[in-house]
Amino acid sequence: MGKKGWESRRSRHVSTFIGGAIVGSLAFGIWPEMWKSYGILGGFFAAVAVIGIMWYMNHWLGVIENRPGTLWIDQGLPIAGAGVAWGIVRSYPNSHWEQIFPTLICCVIGGLLGGWAAHHVKKIAPGWRQSDQDQEAAS
Amino acid sequence: MIAWLSTYNAALGMPPVSVITTIFGAFCASFALIVCWPKLVQNFGAIGGFMAAAFLVGTFWLLNHKLPGFGIAPEGIPHPDGGSKQFGLIYQAYRGACPWVDMGIAIASGFWLDSLLGTKKGERAAAAKESVPRALFALAGGIFGGAVTGLVGWTGANLFGY
């Protein structure tokens with residue numbers, strides 16, 4: 001609060017919005033076409049092209065706001081929103097959008113379970129423990 | 001077993017077997033990305049992120065989202081007893097003709113919960129509250145981008161017969 005320009009809270013939100021819009025558009029503008037044209041290898045290539053470069057923009061360079069110490073907002077969230085919006089707009093008015101909710105709920109349940117399990121596994125996995133000890137030794 | 005697995009279709013809105021596959025597919029993608037991606041980035045820098053995009057997202061896209069709907073057989077491959085066959089672990093309702101549910105929501109919710117559990121206990125509520133506007137703006141951006149991408153079918157152009 002009080003800061004002007006690109007340091008302000010509002011500008012960070014605009015930045016997050018733009019990053020989400022671009023990744024959502026790219027994922028559903030490119031991925032289905034690559035899958036249609038080149039099948040499974042097209043999907044792999046789309047993963048590198050879309051997720052790779054968009055991860056670089058959104059998370060390595062930080063277009064989606066994730067300051068240290070805050071909860072992680074992943075670009076998967078805008079991609080999921082884009083998938084639903086893309087489907088609704090593309091086949092309006094016969095989009096059958098109310099049919100998605102069981103899958104959506106199951107996806108969130110599975111994702112939360114995965115996050116919970118990963119949090120606990122990272123405490124005992126040797127690769128993660130080793131890096132924690134290195135950080136403690138360095139600090 | 002097959003009969004039991006499809007007993008509660010109407011109540012759940014999806015076949016019970018698809019509940020199992022969807023939750024498992026979401027769990028696998030979320031878990032593997034959370035454990036591997038930050039480590040690959042830590043070990044290899046930005047190159048590690050590209051490796052993770054190729055190997056993790058590419059592979060889990062294949063596991064979760066391959067579908068006869070796109071390009072292979074647009075009407076789906078019918079089961080002998082009705083319905084259509086699913087290939088990806090994450091179930092797409094209405095034979096894939098309703099809006100797309102992406103594994104991104106599983107991965108994003110997993111990352112969010114993982115970082116929430118990594119926060120100190122007293123600061124969790126404040127951290128969760130702080131993340132809400134960021135999540136909403138990211139989601140709104142995705143909805144905007146996806147909706148605009150969906151508009152391309154409405155241009156009325158007739159290119160090469162498509």
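This is a predicted model: local features need pLDDT of at least 70, side-chain atom pairs count only at pLDDT 80 or more; totals for chains, interfaces and linings use all residues.
## Where the two chains meet

Let's start with the contact between the chains, to which chain A gives 74 residues and chain B gives 78 residues. On chain B, four helices each supply at least two residues of the side that touches chain A: H3 (16-44), H4 (46-65), H5 (104-118) and H6 (124-150). H6(B) has the largest share of that side, with 21 residues. Sorted by class, the side of chain B that touches chain A holds 50 nonpolar, 22 polar and 6 charged residues.

Helix H1 of chain A runs over residues 9-60, and its end C-alpha atoms are only 20 Å apart. Were this helix of 52 residues straight, it would span 76 Å at 1.5 Å a residue. H1(A) has a kink of about 145 degrees, and the kink is centred on A:Tyr38. Just after H1(A) comes A:Gly62, whose phi is positive at about 90 degrees.

## Helices that pack between the chains

Take H1(A) and H6(B), which pack with their axes 6 Å apart and at an angle of about 40 degrees. That angle makes H1(A) oblique to H6(B). The crossing of H1(A) past H6(B) is right-handed. In the contact of H1(A) with H6(B) there are 12 nonpolar, 12 polar and 1 charged residues.

A second pair joins helix H3 of chain A (residues 101-124) to H5(B); the two axes come within 7 Å and cross at roughly 35 degrees. Here too, H3(A) passes H5(B) in a right-handed crossing. From H3(A), the residues that make the contact include A:Gly110, A:Gly111, A:Gly114 and A:Gly115, along with A:Leu104 and A:Trp116. Among their partners on H5(B) are B:Ile105, B:Phe111, B:Trp112 and B:Asp114. By class, the contact of H3(A) with H5(B) comprises 13 nonpolar, 8 polar and 1 charged residues.

## A helix pair within chain B

Chain B has a packed pair of its own, H3(B) and H4(B), whose axes cross at roughly 165 degrees and come within 8 Å. This makes H3(B) roughly antiparallel to H4(B). H3(B) passes H4(B) in a right-handed crossing.

The contact of H3(B) with H4(B) has 15 nonpolar and 5 polar residues, and no charged residues.

## Backbone details in a loop of chain A

Most peptide bonds are trans, and most residues other than glycine have a negative phi. The loop between H2 (76-90) and H3 of chain A is worth a look with this in mind, and A:Pro93 is found there. The peptide bond leading from A:Tyr92 to A:Pro93 is cis, and its omega is near 0 degrees.

A:His96 also has its place in the loop between H2 and H3 of chain A. Phi of A:His96 is positive, near 55 degrees, although this residue is not a glycine.

How values were computed. Residues are numbered from 1 along each chain as its sequence is written. Chains are lettered from A and ligands numbered from 1 in the order in which they are written. Two residues are in contact if their C-beta atoms, placed from the backbone, lie within 7 Å. Ala, Val, Leu, Ile, Met, Phe, Trp, Tyr, Cys and Pro count as nonpolar, Asp, Glu, Lys and Arg as charged, and the others, Gly among them, as polar. The expected span of a helix is 1.5 Å times one less than its number of residues. The bend at a residue is the angle between axes fitted to the seven residues ending there and the seven starting there. Axes are lines fitted to C-alpha atoms, for helices over the stretch in contact, and angles run from 0 to 180 degrees between N-to-C directions. A crossing is left-handed if the near helix is turned anticlockwise from the far one by less than a right angle, and right-handed if clockwise. Angles under 35 degrees count as roughly parallel, over 145 as roughly antiparallel, 65 to 115 as roughly perpendicular and the rest as oblique.
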